[in-house]
Amino acid sequence: MIDHIGMWTWGGRVYNWKKYLDNMHRSGMDTVVLWHADKPPVAAREIQDYGHNLGIRIIWGFNWSWGGPVCLANEAESLRWREIVTGLVRDYYAPLKPDGICFQVGGTEFGTYCKSDCDVCREAYKTGVGPLYVEFAGRIMDAVRAQWPALKMYANLHLGQVHASYEALQVLDPAINIMWEDLPGPEYHIHVPFAYEWELEDTTLQDSTVDMVRRMCELRGEREDVSFVIKGFPAHWGGLDPTLLEDFDLKVLSSTYQHKWDAAADYCERKLDQALRVFRVISESPAREKTVVMLVEHGLWEYRRHYAAELIAEALRNPFRDPSEVIRVTRELQRGNIE
Ligand SMILES: [Zn+2]
């Protein structure tokens, strides 16, 4: 069904990576994307070894022109980033022989616009930046693929600016695994099954969303791997600091966010039938491999296996069940968890 289930988190919001990975393992998760600005943490190799002993894949996320305005129509800028990215891969990532790298590209993210406000980009923001993305990022992907053909690559892409033209990505090398972030809505994107924001908004799954997820899953057929980042856990974004292994008081840190998790538990149970419907579509994708990771960051997963996330992981494991059955199994799994 769904081959890999796990987490996506900013590395700097992991306060104890051993306990974080231990708890992932207890929940039967096997993949984590750790996001850093532009280089892996000092303990990267140790984290990989520890993860691999638990059967967990470690994917390093870093930005390809992320976090600032960029002109996607500018070839020189694309070539400049090609140099930067291939340098980072050569110096930091390729030597680690990781389970994968994951990248995002500026200009495809919310609120990042062309720095020269050029006509091409201005038009593309209306019709979708998919074609520009394919050119801008495609040059970088091709260069990395040519030099490190065994390196698994995840093109992590917010739907925001790409939404209207996502089908343009069909021409990407199928060896590049698209990792869709945010689920589509009828016009822009909507946070279904879950709201991203701290205030859990009430959104309803629509047929058009289910249909678009299906088309995303079929975009490049059986030649590709397909991935989704599922949002909506009471997380706080950010954290470029190194992934840590220090003696934090996890209980105290955790208490800051517990009320969010409590709200999410109720929300996720209410929305579980909608989530299962989306997950069934993903599990029926013809893609040769399917991965779903949940955005669980700054949620102190290293302290407690929070019910909401464990419920969704369980739903992903077999979405062809009634919500009541998924809830029952999750409650069993929660035994032995910190109360
Ligand atoms: Zn531009």
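What follows is a working chat about a predicted model of one protein.

Colleague: How many helices and strands are in the protein?

Modeller: The protein has ten helices and ten strands. Bear in mind that this is a predicted model.

Colleague: And what share of the residues is buried?

Modeller: Of the 339 residues in the protein, 50% are buried.

Colleague: What about contacts, how much comes from residues 24 or more positions apart?

Modeller: Counting contacts with a separation of 6 or more, 84% are between residues 24 or more positions apart.

Colleague: On to the strands. Which of them form the closed barrel?

Modeller: Eight strands form the closed barrel, in the order β1-β2-β3-β4-β5-β6-β9-β10, and the pairing is parallel. From one strand to the next the twist averages 25°.

Colleague: Take β4. Is strand β4 buried or exposed?

Modeller: Strand β4 covers residues 100-105, and six of the six are buried, so β4 is largely enclosed by the rest of the structure.

Colleague: Which way do the residues of β4 point?

Modeller: Gly100, Cys102 and Gln104 point one way, while Ile101, Phe103 and Val105 point the other way. In general, side chains in a regular strand alternate between the two faces of the sheet. In β4 the residues pointing either way are all buried.

Colleague: Which strands does β4 pair with?

Modeller: Strand β3, residues 57-64, pairs with β4 in the parallel sense over six bridges. Strand β5, residues 153-158, also runs parallel to β4, and three bridges join them.

Colleague: What stands opposite phenylalanine 103, and what is the bridge partner of phenylalanine 103 in β5?

Modeller: Phenylalanine 62 stands opposite phenylalanine 103. In β5 the bridge partner of phenylalanine 103 is alanine 155.

Colleague: How many bridges pair β2 with β3?

Modeller: Strand β2, residues 31-35, pairs with β3 over five bridges, in the parallel sense. One of the pairs has valine 33 bridged to isoleucine 59 in β3.

Colleague: What joins β10 to strand β1 and to β9?

Modeller: Five bridges join β10 to strand β1, residues 4-10, and the two run parallel. Methionine 7 has methionine 294 in β10 as bridge partner. Six bridges join β9 to β10, which are parallel as well. Serine 227 stands opposite threonine 291 in β10.

Colleague: Where does isoleucine 230 lie, and why does isoleucine 230 count as buried or exposed?

Modeller: Isoleucine 230 lies in strand β9, residues 225-230. Isoleucine 230 counts as buried because 30 other C-beta atoms lie within 10 Å, and the cut-off for buried is 20 or more.

Colleague: How far is isoleucine 230 from aspartate 182?

Modeller: Their C-alpha atoms are separated by 6.7 Å, and the two residues are 48 residues apart along the chain.

Colleague: Change of topic. Where is lysine 251, and is lysine 251 buried or exposed?

Modeller: Lysine 251 is in helix α7, residues 250-270. Lysine 251 is exposed, with 12 other C-beta atoms within 10 Å; the cut-off for exposed is 12 or fewer. From lysine 251 to glutamate 302 the C-alpha distance is 9.9 Å, and they are 51 residues apart in sequence.

Colleague: Helix packing next. At what angle do α6 and α8 pack?

Modeller: Helix α6, residues 207-217, and helix α8, residues 272-283, pack at about 20°, with their axes 9 Å apart. The two are therefore roughly parallel to each other. The crossing is right-handed.

Colleague: Which residues make the contact?

Modeller: On α6 they are Val210, Val213, Arg214 and Cys217, and on α8 they are Arg277, Val278, Val281 and Ile282. By class that contact has six nonpolar, no polar and two charged residues.

Colleague: And how do α9 and α10 pack?

Modeller: Helix α9, residues 307-317, packs against helix α10, residues 323-333, at an angle of about 125°, with axes 9 Å apart. That angle makes α9 oblique to α10. The crossing of α9 and α10 is right-handed.

Colleague: Which residues are in that contact?

Modeller: α9 contributes Tyr307, Glu310, Leu311, Glu314 and Ala315, and α10 contributes Val326, Ile327, Val329, Thr330 and Leu333. They divide into seven nonpolar, one polar and two charged.

Terms used:
Residues are numbered from 1 along each chain as its sequence is written. This is a predicted model: local features need pLDDT of at least 70, side-chain atom pairs count only at pLDDT 80 or more; totals for chains, interfaces and linings use all residues. Helices (H or I, at least four residues) and strands (E, at least two) are DSSP runs, numbered from the N terminus. Two strands pair if DSSP finds at least two bridges between them. Axes are lines fitted to C-alpha atoms, for helices over the stretch in contact, and angles run from 0 to 180 degrees between N-to-C directions. Angles under 35 degrees count as roughly parallel, over 145 as roughly antiparallel, 65 to 115 as roughly perpendicular and the rest as oblique. A crossing is left-handed if the near helix is turned anticlockwise from the far one by less than a right angle, and right-handed if clockwise. Two residues are in contact if their C-beta atoms, placed from the backbone, lie within 7 Å. Ala, Val, Leu, Ile, Met, Phe, Trp, Tyr, Cys and Pro count as nonpolar, Asp, Glu, Lys and Arg as charged, and the others, Gly among them, as polar.
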